[in-house]
Amino acid sequence: MSRQDYIFTSESVSEGHPDKVCDRISDAVLDYLLGIDANARVACEAFATSGLVVIGGEIGLPASGDRPGSERLKDVMGRIPQIARDCIKEIGYEQEKFHWNTCHVLNFLHEQSVDIAQGVEREGAGDQGIMFGYAVDETPDLMPAPILYAHAILKRLAEARKAGDLAMLGPDAKSQLSIRYVDGRPVEVTQLVVSHQHLDPHLSSDDVKAIVKPYVEEVVPAGWINGGTEWHINPTGKFLIGGPDGDAGLTGRKIIVDTYGGAAPHGGGAFSGKDPTKVDRSAAYAARYLAKNVVAAGLAQRCTLQLSYAIGVARPLSIYVDTHGTGKAPDAEIERAVARAMDLTPRGIREKLELNRPIYARTAAYGHFGRAPEADGGFAWEKTDLADTLAKDL
């Protein structure tokens, strides 16, 4: 039996964190290309440092029929630097050494490999790999509490900063929550860390704590922060230089922040900048969708679900379910039920979750999971519309 009394910690980073700046640029490029061609093939990486953003990777626009070097493709490529600048502006960087209007943007995107393209055109997976989904009933969003509320803190602070209420704060920030579990349920925050960039050099750590504390307490469940909670706000003192000027950033370096905060396994593949033919992304979304619906159906309190794929092969090689001793049906039966409930080929996943849409830039910060489904199809993998089907099947 798993431990019931323990402390578990997860961290989050804001949209202004150097790696998240790169994730945002990669996903904004993806959205731009999906807006041109719903079947766009994209694997876009970004690197950012002081005064510089470098973009590289592969793209394909199957519906356009354009040959390499065509005027249309030249025009598409010409738009990429401005997309990066728009992302940096939206995040809020106007620092001397990292400013949306003055940083250099180099674009080295090129056409997708024909070897990869032919496997995808046969509707096989775009690569081999393993993907995990996870859900647990300890929060309304069926997410682990530490990562969910670590995200919520930074998202709320960013909203206030952009609204002009916290103009003294910069875009770069990190949070970390250590939460005590009793009888397997989260009950209190024992340690709370927020490191937030500030623009006023005269602000002390105590000043920053006074600024952020009301917003932290607003989003963490009542009673979880108490007299025993230890606060660590800007524990190194000053935090004036933020973003890529303070530390280089790279797409795909925050995969645990993007998923379950370490509370569940991760297959290893990053999400940002990848179109939905890449099962690193789409199958991870499908795995979360299925695991969440298993829990929402009351079939388990906790569910880990693994899928595996091979390049050029459409159907998953394996489906694995572990309900950690909380299942109301045998795990093997749940495995068979989820396989019946959803077509888990790459095409089936894309069609069921309607993934061929420009909905990805919004996923680049504050987690890909535990978010509310949106009217335009964003976060469709967070729906629980399969719960009744699974419950009836079992």
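Q: Before we start, what should I know about the model and the numbering?
A: It's a predicted model, so local features need pLDDT of at least 70 and side-chain atom pairs count only at pLDDT 80 or more, while totals for chains, interfaces and linings use all residues. Residues are numbered from 1 along each chain as its sequence is written, and side-chain values use heavy atoms, with hydrogens and water left out.

Q: OK, how many salt bridges does the structure hold?
A: There are 22. A salt bridge here is a side-chain nitrogen of Lys or Arg within 4 Å of a carboxyl oxygen of Asp or Glu.

Q: Which residue does Lys 162 meet in a salt bridge?
A: Glu 15, with 2.5 Å from N to O. Lys 162 lies in helix H4 (residues 145-162) and Glu 15 in the loop between strand E1 (6-13) and helix H1 (18-36), so the pair ties together parts that are 147 residues apart in sequence. By the way, helices (H or I, at least four residues) and strands (E, at least two) are DSSP runs, numbered from the N terminus.

Q: And Glu 15, is that buried or exposed?
A: Buried, at 7% relative accessibility. Lys 162 is partly exposed at 39%. The cut-offs are under 20% relative accessible area for buried and over 50% for exposed, with partly exposed in between (1.4 Å probe, protein chains only).

Q: What about Glu 159 and Lys 155?
A: Their side chains form a salt bridge too, at 3.2 Å from N to O. They sit four residues apart in helix H4, so about one helical turn separates them. Glu 159 is partly exposed at 38%, and Lys 155 is partly exposed at 31%.

Q: Which residue pairs up with Arg 315 in a salt bridge?
A: Asp 343, at 3.7 Å from N to O. This one links distant parts of the chain, 28 residues apart: Arg 315 is in the loop between strand E12 (302-309) and strand E13 (318-322), and Asp 343 is in the loop between helix H8 (331-341) and helix H9 (346-353). Arg 315 is exposed, at 53%, whereas Asp 343 is partly exposed, at 36%.

Q: Switching topic: how many cavities of 30 Å³ or more does a search of the whole structure find?
A: One. A cavity is a set of points, on a 1 Å grid over the protein atoms alone, where a 1.4 Å probe fits but cannot get out; lining residues have an atom within 4 Å of a point.

Q: How much space lies in the largest cavity, and which residues are closest to its centre?
A: About 70 Å³. Of its 13 lining residues, the closest to the centre are Met 131, Phe 132, His 266, Gly 267 and Ala 284. Strand E7 (129-136) and helix H7 (279-296) each give two or more residues to the lining, and the largest share, three residues, comes from E7.

Q: Last topic: in what order do the strands of the E7 sheet run?
A: E7-E12-E13, three strands in an open, antiparallel sheet. E7 and E13 stand at the edges with a single partner each, so one side of each has no neighbour in the sheet. Strands pair if DSSP finds at least two bridges between them, and E12 and E13 have five.

Note on methods: 1 Å grid on protein atoms, 1.4 Å probe; cavity = no way out; pocket = protein on both sides within 12 Å on 5 of 7 lines; lining within 4 Å. Points joined across faces, edges and corners; volume = space filled by probe spheres on them.
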